[in-house]
Amino acid sequence: MSKINEYAIEKYTAHGYPRLFDEVGAEGLAVIQKHDEDAAKIVSEIKECDEVVYVGYSSTFSEYPDTIASFVDCKNGNRIYVVNRKIQK
């Protein structure tokens, strides 16, 4: 059984995220999408997270394309940041 809720990972589109699209383009959206998916998998494997319920791009901690940060919210209330595919606590 997966520890990632089926609705947890945000789907980025030019229409749904026009400002982000203007900043990073279609290729950037795809890169961010993949980072979010990888972040969900990484966090789902640690004991601090009982179930991944939401994953999103952190514009606060990101400087695309060099630094990509995703936040991962867990059912138990923990929020874990994953920056360039490494957990940041």
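Val-72 is buried, with a relative accessible area of 0% (buried means under 20% relative accessible area, exposed over 50%, and partly exposed in between, with a 1.4 Å probe and protein chains only). The model is predicted, so local features need pLDDT of at least 70 and side-chain atom pairs count only at pLDDT 80 or more, while totals for chains, interfaces and linings use all residues. Residues are numbered from 1 along each chain as its sequence is written, and side-chain values use heavy atoms, with hydrogens and water left out.

Val-72 belongs to strand 2, residues 69-74. Helices (H or I, at least four residues) and strands (E, at least two) are DSSP runs, numbered from the N terminus. Leaving aside residues up to four places away in sequence, Val-72 touches Ala-39, Ala-40, Val-43, Val-52, Tyr-54, Val-55, Asn-78, Arg-79, Ile-80 and Val-82; contact means heavy atoms within 4.5 Å. For Tyr-54, which is 18 residues from Val-72 along the chain, the C-alpha separation is 5.9 Å.

Strand 2 is antiparallel to strand 3 (residues 79-83), and five bridges join them. Two strands pair if DSSP finds at least two bridges between them. In this pairing Asp-73 stands opposite Arg-79. The charged end of Arg-79 also sits over the ring of Phe-71, 4.1 Å from its centre; the criterion is NZ of Lys or CZ of Arg within 6 Å of the ring centre and within 35 degrees of the ring normal.

Strand 3 also pairs with strand 4 (residues 86-88), in the antiparallel sense and over three bridges. Here Val-82 stands opposite Ile-87.

| Hairpin | Residues between the strands | Residue with positive phi |
|---|---|---|
| Strand 2 and strand 3 | four residues | Gly-77, about 95° |
| Strand 3 and strand 4 | two residues | Asn-84, near 50° |

A search of the whole structure finds three aromatic pairs. One of them is Phe-61 with Tyr-81, an edge-to-face pair with 4.9 Å centre to centre and 75° between the planes. Phe-61 lies in the loop between strand 1 (52-57) and strand 2, and Tyr-81 lies in strand 3, so the pair ties together parts that are 20 residues apart in sequence. Rings of Phe, Tyr and Trp (its six-membered ring) pair if their centres lie within 6.5 Å; planes under 30 degrees apart count as stacked, over 60 as edge-to-face and the rest as tilted. Phe-61 is partly exposed at 45% relative accessibility, and Tyr-81 is partly exposed with a relative accessible area of 23%.
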